[in-house]
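Please read it alongside the sequence and the model.

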Amino acid sequence: MSRSRRPSSRAGRALSVPSIAGLVFCACLPGCGDSASGPAGSRTTAAADGPFVDAGLLLAPLTCGGENARTILEVNGGGLALFDADGDGDLEILLVDPGPYPSAGVASGGTNTLYRNDGGMHFVDVGEASGVGVPGFCNGVAVGDVDADGRRDVYLTRLGPNALLRNTGDLRFEELPEAGGAAGDGWSTSAVFVDVDLDGDLDLYVVDYLAFDADHPPLHGVDGRDCRWKGMPVMCGPQGLPAQPDHYYRNDDGRLVDATAAAGFDAPPGYGLGCLDGDFDADGWPDVYVSNDSTPNFLFLNTGHGKVVESGLAAGAALSSRGREQAGMGIAAGDLEGDGDEDLLVTNFSMESNALYVNDGGRFDDRADPMGVGGPSRRLLGWGAAFVDFDLDGALDLVNANGHVYPQADEPGTDTSYAQPDTLWHNDGGGRFSPRAWDGDAPAVSRALSSGDLDDDGVTDLVILRRSGRPMVWRGLAPERRSLTVALDGGPGNPDGCGAVVAFTDAEGTRTRRVRSSAGYQAAGDPRALFAWRGTGTLDVRWPDGTHEQHAVDAPGTLALGAAR
Amino acid sequence: MTPRGRATVFARTFGAIVLATLAACGDEAPVAAPLDDADRAVLARAEDLLYHQAPEQVPALLEPLLARDPTPVEAEYLAGQAAYYLQDWAACVTRLEQVLERDEADYLTRCNALGFAHAKRGDYADARTLFERIVAADPEESKAWYGLAHVALLEGRLPDARVALDRSLALRPDYLKARFAEVRLLDAEGRSDEALVAVTALLDAWPSNEEALFLQVKLLRAEGRDDEADQAESRRAAVYAAKEQIATLAGRIRAGDDDPAARRALVLAYLQLGDAGEARDALLGALAVFPDDPGLRELAQGFAPR
């Protein structure tokens, strides 16, 4: 298959917040009005009443099969990563574009795009030379330094063998043969780099969805299939299609070796969609949580030295509060109660509801309803999710993307819709969430979501992908420089210090953040820990190897730690 | 007159006032044409389908009645109930609201149904408002007290849930849904020991409640009684599988893919759930279609005559 191509003229094209000067300049340049990449044709920016405003970035539109998804392959959308690709301290944006429906004998794949961050919410398409434009129907992305050269590499999940792109520096990537040992051959959705065995390098967990033959797709009315939802014929799956097993790859000096069974990750196959690392039983060993569609979610608890036990049911994190499996999609993790352990939010299908698994010493209890994220989510179908303190009041709020899988959801009698508002949930500080009006209320068919401080102003921004179409970039409007950002460097093999736990104690209490790059559903996000500034305090960092360090902090801003480790 | 009787009169009066108010506003409630025997047969069949968990057949069956202007209230109500079971809460709410606007009969029952539809839809505030109206009209309406407790539990208002649930159970101690809510409330209140005792007792009366089994598993694990939790988990999984199998088999039979083996499997699945009544009904239905099937006849020998 040939590599996907893009016009070379796109390289170096700047994307920025629209301005009068920019529009005047643009009007004078032939071809500048290209709606795919230029500032002309920018959306009208809505009134900035917060907490987020359309940043006005015209990122490349994504495609996921046909206009109306006929098959389950075309449902999940693409992926995105917010990561420091060039090591200059700010976040680049990588968009993963599935592309058109793969046809037999025809090179397939969308146009993956890497945007360089030039500061001030100004991004430049690096162009084809970046090397991220590998072929294939790509879905998700994970970021980690596989070869311990200090640069963040990129793993792309696809239908068929996955791809590992080695970061060679200067915003250039090269595809490694057989994905460095982690190619697989199924349909992978999400993945996460996590040092499961705590040997100092990042291992890889890859989530697979189901067996799908693009040349013979399961369709309603074909091969006797009667795929219906609420009495209407709809695309088939996941029920009726074989679930596929996930894979775990141990990092052996830069080579990824399948150790799924040896490590205990060989659970019965589920319809996997999302994954996230964490230390959910607070024993210092990294665990992995997996959201499964229509099958119980997995919680792989690490028993030490790279061995895990699937404990989802036993720990209470596999099913809803009513004991039912749900259509797990997105995952967010954060310490909502200030007790030092992370709670889990899982988005689900319409007429289910979000699950909010509150963690009490490694035992989980779904309290979505009493905490307010149950009822209002029932008519929505959720995808990517993130806990972010969008108003910088010290309490983690929540945002999640929504959009149905069936275009038929717009028919009468479904009590839901295809396009849906993305939901912003405000945390009142007492653990009670309520939906908050915002500019992202306009209905859309959203999928992956990632959060990060794109313009380094101390406020979290958002990127939300649509199943098909142009991604939305939302700029956070909380007061600037009223936060403490902690950027860790764990040294070669772990340049973001992933797996470290950062706790900041001020006069009002202790808040804890885990440093991770996974954003749960087909995405990677800002690994830096961000705390709303409430006053001076003490920062405690527990590194993945168990060592601690403490720092007195007397002013907001960015604190970089660990570069010399 | 008993307190309940007084409350019923009050509720009917309340409903009549609503209707009168609507009429005074110029929105005179339309009156449907009287139902004939054929109409009543359709309604009876629709009720039968709802009872036998075939709600998807109800809308088509009722279509001729629903097409009338005005729609017979009875048909509207059954269509609302079918929408409830089909998880089309919006349609359910719309239809039940229309019913309540037009007809005072069974006002409290229908209000309760609407309240639970709101709760299912995630509109807890609307549900709470309705249940509060009901208990204001009839303080002895145990179902509405349970509804209030259910919503309060969902919203995390535990003291309110306690008050409402105590009222519900005082009025109707054998109300199984309320007893299950009691288990959930005890658990939410952190009274785990009492919750475990209550859920064990509940499961004696309602062994097919997989939600209660799920809660029992959680409570047993919290006490470190993992062996018992594993056993309860096995029971939960079996109940869950049986319910899934029943849904699959019933759907298959309704779709016309019917044979004695499917019918036998359906009966056995009900027995697996411990639901002898449904098993008997399923067996009688099977024998009506396949009277000579030896497998079904053998199964029938295990049932005492009615």
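How many cavities of 30 Å³ or more does the count come to? The count comes to 6 cavities of 30 Å³ or more. The model is a predicted one, and the points that follow are grouped by topic.

**The largest cavity**

- The largest cavity holds about 510 Å³ of space.
- Its lining consists of 31 residues, of which A:Phe387, A:Val388, A:Ser451, A:Asp526 and A:Arg528 are the closest to the centre of the cavity.
- Five strands of chain A, namely β21 (331-334), β25 (382-388), β29 (446-452), β34 (509-514) and β36 (529-532), each supply at least two residues of this lining.
- Sorted by class, the lining of the largest cavity comprises 14 nonpolar, 8 polar and 9 charged residues.

**The second largest pocket**

- The second largest pocket contains about 450 Å³ of space.
- A total of 19 residues line this pocket, and those closest to its centre are B:His52, B:Ile253, B:Arg263, B:Leu266 and B:Ala282.
- In chain B, the elements α2 (37-51), α13 (226-254), α14 (260-273) and α15 (276-289) each give at least two residues to the lining of the second largest pocket.
- The largest share of that lining, 5 residues, is provided by α15(B).
- The class composition of the lining of the second largest pocket is 9 nonpolar, 4 polar and 6 charged residues.
- Domain 1 (41-110) and domain 3 (206-306) of chain B each contribute at least three residues to the lining of the second largest pocket.

**Organisation of chain B**

- Chain B has 16 helices and 0 strands.
- The domain assignment divides chain B into domain 1 (41-110), domain 2 (122-190) and domain 3 (206-306).
- Taken over C-alpha atoms, the centres of domain 1 and domain 3 of chain B are 28 Å apart.
- Chain B comprises 306 residues, of which 45% count as buried.
- Of the contacts in chain B between residues at least 6 apart in sequence, 51% link residues at least 24 apart.

- A:Ser190 lies in strand β11 (residues 188-194) of chain A.
- A:Ser190 counts as buried because its relative accessibility is 1%, and buried means under 20%.
- The side chain of A:Ser190 comes to 2.6 Å from the backbone oxygen of A:Leu273.
- Residues up to four places away in sequence aside, A:Ser190 touches a set of residues including A:Thr157, A:Tyr205, A:Val207, A:Leu273, A:Cys275 and A:Tyr521.
- B:Ala181 belongs to helix α10 (residues 176-188) of chain B.
- B:Ala181 has 0% relative accessibility and therefore counts as buried.
- Beyond its neighbours within four places in sequence, B:Ala181 is in contact with B:Tyr146, B:Leu153 and B:Leu165.
- B:Ala181 and B:Glu101 are separated by 80 residues in sequence and by 31 Å in space, C-alpha to C-alpha.

**Backbone geometry**

- Most residues other than glycine have a negative phi, and most peptide bonds are trans.
- The peptide bond from A:Gly237 to A:Pro238 is cis, its omega being near 0 degrees.
- A:Pro238 sits in the loop between β14 (232-233) and β15 (247-252) of chain A.
- B:Pro70 occupies the loop between α3 (58-66) and α4 (73-85) of chain B.
- A:Ala148, although not a glycine, has a positive phi of about 55 degrees.
- The loop between β7 (138-144) and β8 (153-158) of chain A contains A:Ala148.
- A:Ala148 counts as partly exposed because its relative accessibility is 39%.
- A:Leu392 is a residue other than glycine with a positive phi, near 50 degrees.
- A:Leu392 is placed in the loop between β25 and β26 (397-402) of chain A.
- With a relative accessible area of 13%, A:Leu392 is buried.

How values were computed:
Residues numbered from 1 in each chain as written. Chains lettered and ligands numbered in written order. Predicted model: local features only at pLDDT ≥ 70, side-chain atom pairs only at ≥ 80, totals over all residues. Heavy atoms only, no water. 1 Å grid on protein atoms, 1.4 Å probe; cavity = no way out; pocket = protein on both sides within 12 Å on 5 of 7 lines; lining within 4 Å. Points joined across faces, edges and corners; volume = space filled by probe spheres on them. Helix = DSSP H or I, 4+ residues; strand = E, 2+ residues; numbered from the N terminus. Nonpolar A, V, L, I, M, F, W, Y, C, P; charged D, E, K, R; others polar. Domains from an automatic or database assignment. Buried < 20%, exposed > 50% of the residue type's maximum accessible area, 1.4 Å probe, protein only. Polar contact = N/O pair within 3.5 Å; in protein donor to acceptor, adjacent residues only side chain to side chain. Contact = heavy atoms within 4.5 Å.
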